Amino acid sequence: MKAVNILEKEVWDALDEVLNHKSGACKCNKCRADIAAYALNKLQPRYVVSSKGETLARAESLTNNFRVTLTIALAEAVEIVSSNPRHDKE
Ligand SMILES: [Zn+2]
């Protein structure tokens, strides 16, 4: 048994989609991790105790409203990280 923040997976799943809409955004692993971390810090964590996998928790807690919130946090994260990447611009 362990406590899992189900948002971690959700954020990573949604990240590419949001990133693809932002032209000129760096998509390297470093920036992607920065974006994920920023979004996760903005969002209220949703910890569940994982025994039988996380699918159940996902189904019950991710409403459409929440998806909007998550997308907004990610879009903001992409904006901030891509305008100030923590490495030299190419
Ligand atoms: Zn980068």
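**Close-up 1. How α1 packs on α4 in this predicted model.** The axes of α1 and α4 sit 10 Å apart, at an angle of about 60 degrees. That angle is why the two helices are called oblique to each other; under the cut-offs used, angles under 35 degrees would be roughly parallel and 65 to 115 roughly perpendicular. As for handedness, α1 and α4 cross in the right-handed sense. On the α1 side, look for Leu 7, Glu 10, Val 11, Ala 14, Leu 15, Val 18 and Leu 19. Their partners in α4 are Phe 66, Arg 67, Leu 70, Thr 71, Leu 74, Ala 75 and Val 78. Sort the residues of this contact by class and you get 11 nonpolar, 1 polar and 2 charged.

**Close-up 2. The contact of α1 with α2.** Here α1 (residues 6–20) meets α2 (residues 29–42), with axes that come within 10 Å and cross at roughly 125 degrees. So α1 counts as oblique to α2. This crossing is right-handed. From α1, the contact takes in Leu 7, Glu 8, Val 11, Trp 12, Leu 15, Asp 16 and Leu 19. From α2 come Arg 32, Ala 33, Ile 35, Ala 36, Ala 39 and Leu 40. The class count is 10 nonpolar, 3 charged and no polar residues.

**Close-up 3. Where α2 runs across α4.** The axes of α2 and α4 come within 8 Å and cross at roughly 135 degrees. That makes this pair oblique, therefore, too. The crossing of α2 and α4 is right-handed. Helix α2 brings Cys 31, Asp 34, Ile 35, Tyr 38, Ala 39 and Lys 42 to the contact, while α4 supplies Ala 73, Leu 74, Glu 76, Ala 77, Val 78, Ile 80 and Val 81. Split by class, the residues here are 10 nonpolar and 3 charged, with no polar ones.

How values were computed
Residues numbered from 1 in each chain as written. Predicted model: local features only at pLDDT ≥ 70, side-chain atom pairs only at ≥ 80, totals over all residues. Heavy atoms only, no water. Axes fitted to C-alpha atoms, helices over the stretch in contact; angles between N-to-C directions. Helix = DSSP H or I, 4+ residues; strand = E, 2+ residues; numbered from the N terminus. Parallel < 35°, antiparallel > 145°, perpendicular 65-115°, else oblique. Left-handed = near helix turned anticlockwise from the far one by under 90°. Contact = heavy atoms within 4.5 Å. Nonpolar A, V, L, I, M, F, W, Y, C, P; charged D, E, K, R; others polar.
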